[in-house]
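Have the structure open while you read.

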Amino acid sequence: MKTKSFAPWLTAGAMALGLAGFTTAASASALDDVMKARGLTQKDLLAAAKTYTPTGGRDEFIVFSSGGQSGQVIVYGIPSMRILKYLAVFTPEPWQGYGFDDESKAVLAQGKIRGKTINYGDTHHPAITETNGDTDGEYLFINDKANPRMAVIDLKDFETKQIVVNPIMKSEHGGSFVSPNSEYVMEATQYPAPFANEYVPLSQFNEKFRGAVTYWKFNRKEGRLDPSKSFSVELPPYSQDLSDFGKGPSDGWSFTNSFCTERYVGGIEKGRPPFEAGCSQKDTDFVHMINWKKAAELVAAGKAKKINGHDVLMMDTAIKEGILFLIPEPKSPHGVDVTPDGKYFIVAGKLDTHASVYDFAKIKALIDAKDFAGKDPYGIPILDLKKSLHTQVQVGLGPLHNQYDSKECIVYTSIYVDSQVTKWNYCEGKVLDKINIHYNIGHLMSMEGDTMHPKGHYLVSLNKLAIDRFNPVGPLHPQNHQLIDISGDKMQLLYDMPIPLGEPHYAVAIQASKLKPKVRYKLGWDSRTDKKSPYRTRPGREKVVVKDGVTHVYGTLIRSHITPEIIEVEEGTTVSLHFTNVERAEDETHGFAINYHDVNLSVEPGKTVSATFVADKAGVYPYYCTEFCSALHLEMQGYLLVRPKGVKASTDAVSEGQKYTKADYDKQIGTNVATQGVIDSVVGYIVARNYKDFAPVVALVEDATDQLNFAASAKKKSEDFAGKSDWQNATLWAQQWFQYQVKAADIGLRAKTYLDEHGAKVVK
Ligand code: RUQ
Ligand code: CUA
């Protein structure tokens, strides 16, 4: 038996509200008891107080972390370190319907390489769009190291919109990095290979293998990368690595590290020393400096060569035009990070204990005076290391990456081998503090630490190994993100967060207030193309259309039913389902899963998604909503019936388990009338207050109004059947009328609670 009146809920809700002002004061002795029982120190308590975010609380910063081999992006908050979302990017992800609906399949299909579907990505470096060198929170880019690709995620809905395949690279690493106004997104090769898709023996490594930097043109208005306006600069077969764009005085230039400038080609199976030996022999490698603004002009002037249909500025041209230079850098470096003011960039050599601070003004003067120390084997001018340096500082063993503080001249460097973070002053060249982390830090991330105005306060250490930090979960351990307080002179470790999803190489943080994601789509929206879906459907307009041999089902989803509820086709039919979630309420997502056909959709309010498949086997296939969206969520169901070929559809009447009489009808009407009375009182409560000052309440009221309109139409149907003494249909429609009332009342109560909790005022 279902509850036929919701009046008790209202009473319970009101009681809870009455108690809201009542608090139990936690006595100091109770706190001591908890500390003793859990073995907590004063220091732990302080750390907890700095990170603990009370129920319903929000974070100050939002982090976008690479999800490594999972091909995804992880979103979490600082200081709470609570994971908010995984963004599906290069890998199918059923919860978001990514790779299961036609619209997102089309995005993943953009990532095919030479016709081959790639089902994962090795994401490394996320980057948020910038305006004047500061993150603006509009779009996020992330690269795929294994299959050189770049993805665009729109931060209005946190969805992947585009994947582009690098036309010349076979491996990459130095991306994504954005220019100060996000005109370009940079991607640099890792392991050199021929640009052409062809076999070349390793004996021709020096001549035919190449590295490159690709500058992807970003069309901000469209929110998409434009391959036709993108270009690359050819580089020697050094293993290029991380990169960064210049800013301020160094704007217009980009910097790319390298390792294995020895150009070793391995061959351990032939008894030769392995790559690791051959690639670490020399004391220095090269940072590549490219004048990308001039490079773009040269490409526009037709000086590039088309390779695989893509503009490549060849090394000879780049050298002749004076836009490509090398500077030595101590041993097998990893990160290159331009300072917030753009005057310096810092390089840390993995196999060196130093971090080197390069002075851009000195470098520029050397270039202008054509004061070169030599040339590499490809003819690229090399600048003198000493003359280019501002200073070198001994920071620890295995320095990797650098992040900047809001305080002037302060930088943090990750120290892999020593498992430490070193805080130092790059202007004066002195170490200030060190902190142990757990263990083997890779990247580190400060708040907006890549921008012209870092926000300080927190630093996250992205550790490669967790070892003993968490409850054991088998040989594959989670990764460990450690939150560090950098607001004082001494760094303080606050929190360990396990990350159970691929190696999170790098992460970027942004002030939460800069993000403005929407809560619902315009009705009938294709979120992947950001256009109205041609398949959008309104309630009452659901239909089935057969076109070009495909059975198109135009359906809707709303609490708590799927329209249509019965779909019947003949075996072998291609079925294309199109569902629009016609809800407007925040968080009222409906899912759609169907037995056997590998279809699993996520349909957020307003969205239209499609799923096309062949009903290739006769049978009965239940489908249902996968999100517990409402009290009658389990009843949000239907059947796909697939008839064997040649069999006619049954015309037998459906048999129901229950027969209704006029008495049943009258009883239901009585309940409905009483319920309407309660709804009216809740509505009265809301409209008597300044509810229009609360955007979430306005949305709830809109949604409740929708439900009440549906209730009115069900009421009308019920009354029509009653007029014909069809008590069966009259009672069922009266029940549907009641269901809409319940949803309206539920929404109304949510609105009332919100108003009470947010101090709404009586206006009349
Ligand atoms: S990674 S630990 Cu940026 Cu790919 Cu350095
Ligand atoms: Cu919709 Cu459950």
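Start with the salt bridges: there are four of them between domain 1 and domain 2. Keep in mind that this is a predicted model.

**Layout and contact**
- On the domain 1 side 17 residues make the contact, and domain 2 puts in 18 residues.

**Buried area**
- Putting domain 1 and domain 2 together buries about 1400 Å², and carbon and sulfur atoms account for 34% of that.
- Within domain 1, the residues that give up the most area to domain 2 are F100, E103 and E159, which together make up 40% of what that side buries.

**Polar links**
- E159 also turns up in a salt bridge: its side chain meets that of K607 at 2.8 Å, N to O.
- Looking across the interface of domain 1 and domain 2, you get twelve residue pairs in polar contact, with both partners at pLDDT 80 or more.

**Who supplies the domain 1 side**
- Helix 4 (102-109) and strand 7 (159-165) each bring at least two residues to the face of domain 1 that touches domain 2.
- Helix 4 is the top contributor to that face, with four residues.
- Sorted by class, the domain 1 face touching domain 2 holds eight charged, five nonpolar and four polar residues.

Notes:
Residues are numbered from 1 along each chain as its sequence is written. Chains are lettered from A and ligands numbered from 1 in the order in which they are written. This is a predicted model: local features need pLDDT of at least 70, side-chain atom pairs count only at pLDDT 80 or more; totals for chains, interfaces and linings use all residues. Side-chain values use heavy atoms; hydrogens and water are left out. Contact means heavy atoms within 4.5 Å. Buried area is the accessible area (1.4 Å probe) that two parts lose on being put together, summed over both. A salt bridge is a side-chain nitrogen of Lys or Arg within 4 Å of a carboxyl oxygen of Asp or Glu. A polar contact is a pair of N or O atoms within 3.5 Å; within protein, one must be able to donate a hydrogen and the other to accept it, and residues adjacent in sequence count only if both atoms are side-chain atoms. Ala, Val, Leu, Ile, Met, Phe, Trp, Tyr, Cys and Pro count as nonpolar, Asp, Glu, Lys and Arg as charged, and the others, Gly among them, as polar.
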